[in-house]
Amino acid sequence: MNQKLEQWFHLKENHTDVKTEVIAGITTFMAMAYILAVNPSILADAGMDKGAVFTATVLASAFATILMALLSNYPFVLAPGMGLNAYFAYSVVIGMGYSWQMALAAVFTEGIIFIVLSVTNVREAIFNAIPMSLKHAVTVGIGLFIAFIGLQNAHVIVTGAKLVTLYSFKGAIADGSIRSVGVGVILALLGILFTGVLIAKNVKGNILWGILGTWGVAIILELVGVYVPNPELGMYSTLPDFSSGFGIPGIMPTLGQCFKIDPSELMSFNFIVVIFSFLFVDLFDTLGTLIGVSTKADMLDENGHLPKIRGALLSDALGTSAGAVFGTSTTTTFVESAAGVAEGGRTGLTALVSAALFLIALFLSPIFLAIPSFATAPALVVVGFLMAGSILKIDFSDATESLPAFICLLIMPLAYSISEGIAFGFISYVVVNVASGKAREKKISPLMYVLSLLFILKYIFIQT
């Protein structure tokens, strides 16, 4: 068996082994298992059947991730993207008044366009046109972004009078939430330190053990009454709920609904804007994730290009269209793939393990849905820390390289968007180098000029 896996995934060539890849695959899945709970909840607000969306989420994730493993042999895992699902539900359906079937049609159309762009090398050309300083900046920016997401998920960082602020234990004692949110915050912080100690001691599977350790302690605290779940505050039970058994929720309420639409709506300007919005965010979120994770894993060649990127991009595009047919929002490469890469995952075997766990989750959903967000938060924060090291590769003695890079990495967490960080990075890189007279010396790709102009026009004319 190991010999066949070696032949398929070239483990030795990529300096890895089966055990490392399996641990990496489990780690990535655990870090992003929250999507199985969050995505159905968000799309249910758009009027979609929650059970059907759960099944569609699993199938779309598994299908796209298997494609990633087979077409590119990369350890990247895909699932319906956060942010894109919120845009789908709250902007397109609730805000603009479109039916969720029409929103799925927009996602399906976006996927078809992406397939064409991937086959014709357009997306690959964009990837290769990005300067190395921005690629390193994207890695750091994603690191800060996912660390921020982790701290938010654990309620360590909350909204407040200063936009965001630290969780207040004093306030929690006063309002009685200390035994739910407060305990979760403490466990998340201890989990970060615990995972950090494991990393310092070079313990294999440190990030996965950090997740499981934090979850295990939470279960014990819930059983003894220290941790008290409070769904209204987003703090759920850490114990698996087997009351509904292990049945697979039916997918028929959403399957193929993207084709059941009013043809006249397809030609409206608003529908075109919706497609462009999905297209823009998915394109640069995916490119940003591929840049960030592959740079961290040292997968880029001497020219800063990612070999076999076409397979990775095609997997993303096919996954998006297939996901729309199943009944879920845009499927994209997840930044949490960095968790598996940090564990040593380097091949498609990591992705295949994660895909298998998604399929198993169909039958064991109560177990996977019980993993609390404050247990996965340490993984996201620690992975963010590991990715932030790429800032050392940015030449801060050259302001034409470092200033755009800094803007790029700063905007990602502050704007809560990988794609917006890339947009600001592109624009500032071109403007700074042109204004300082170094554009010709840097041999900036024509694509950089075109994309920067498109980004500017997008901010002027299109509200996303």
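**Exercise 1.** How many salt bridges does the count come to?

*Solution.* Keep in mind that you're working with a predicted model. To score a pair, look for a side-chain nitrogen of Lys or Arg within 4 Å of a carboxyl oxygen of Asp or Glu. Go through the model with that rule and you end up with four salt bridges.

**Exercise 2.** Find the salt-bridge partner of K393, then work out where both residues sit and how accessible they are.

*Solution.* Start with the partner: K393 pairs with D298, and their closest N and O atoms are 4.0 Å apart. K393 is in the loop between α17 (373-387) and α18 (399-415), while D298 is in the loop between α12 (269-296) and α13 (309-326).

**Exercise 3.** Take the pair D398 and K442: which parts of the chain does the pair tie together?

*Solution.* First check the contact itself: the closest N and O atoms of D398 and K442 are 3.7 Å apart, and the two form a salt bridge. Now locate them. D398 belongs to the loop between α17 and α18, and K442 to helix α20 (residues 439-442), so the bridge ties together parts 44 residues apart in sequence. Then sort them by the 20% cut-off for buried residues: D398, at 17%, is buried, whereas K442, at 22%, is partly exposed.

**Exercise 4.** Are K458 and E420 buried or exposed?

*Solution.* Begin with how they meet: their side chains form a salt bridge, at 3.2 Å from N to O. K458 comes from helix α21 (residues 446-461) and E420 from helix α19 (residues 418-435), so parts 38 residues apart in sequence get tied together. As for the burial, K458 and E420 are both buried. While you're on salt bridges, here's one more thing to spot: shared partners join D398, E401 and K442 into one network.

**Exercise 5.** Which residues does A154 touch, leaving out those up to four places away in sequence?

*Solution.* Find A154 first, in the loop between α8 (132-153) and β2 (157-160). Its relative accessible area is 1%, so A154 is buried. Now list the contacts: G184, V185, A188, F374 and A377. Finally, pick out A377 from that list. A154 and A377 are 223 residues apart along the chain, yet their C-alpha atoms are separated by 6.1 Å.

Definitions and conventions. Residues are numbered from 1 along each chain as its sequence is written. This is a predicted model: local features need pLDDT of at least 70, side-chain atom pairs count only at pLDDT 80 or more; totals for chains, interfaces and linings use all residues. Side-chain values use heavy atoms; hydrogens and water are left out. Helices (H or I, at least four residues) and strands (E, at least two) are DSSP runs, numbered from the N terminus. Buried means under 20% relative accessible area, exposed over 50%, partly exposed in between (1.4 Å probe, protein chains only). Contact means heavy atoms within 4.5 Å.
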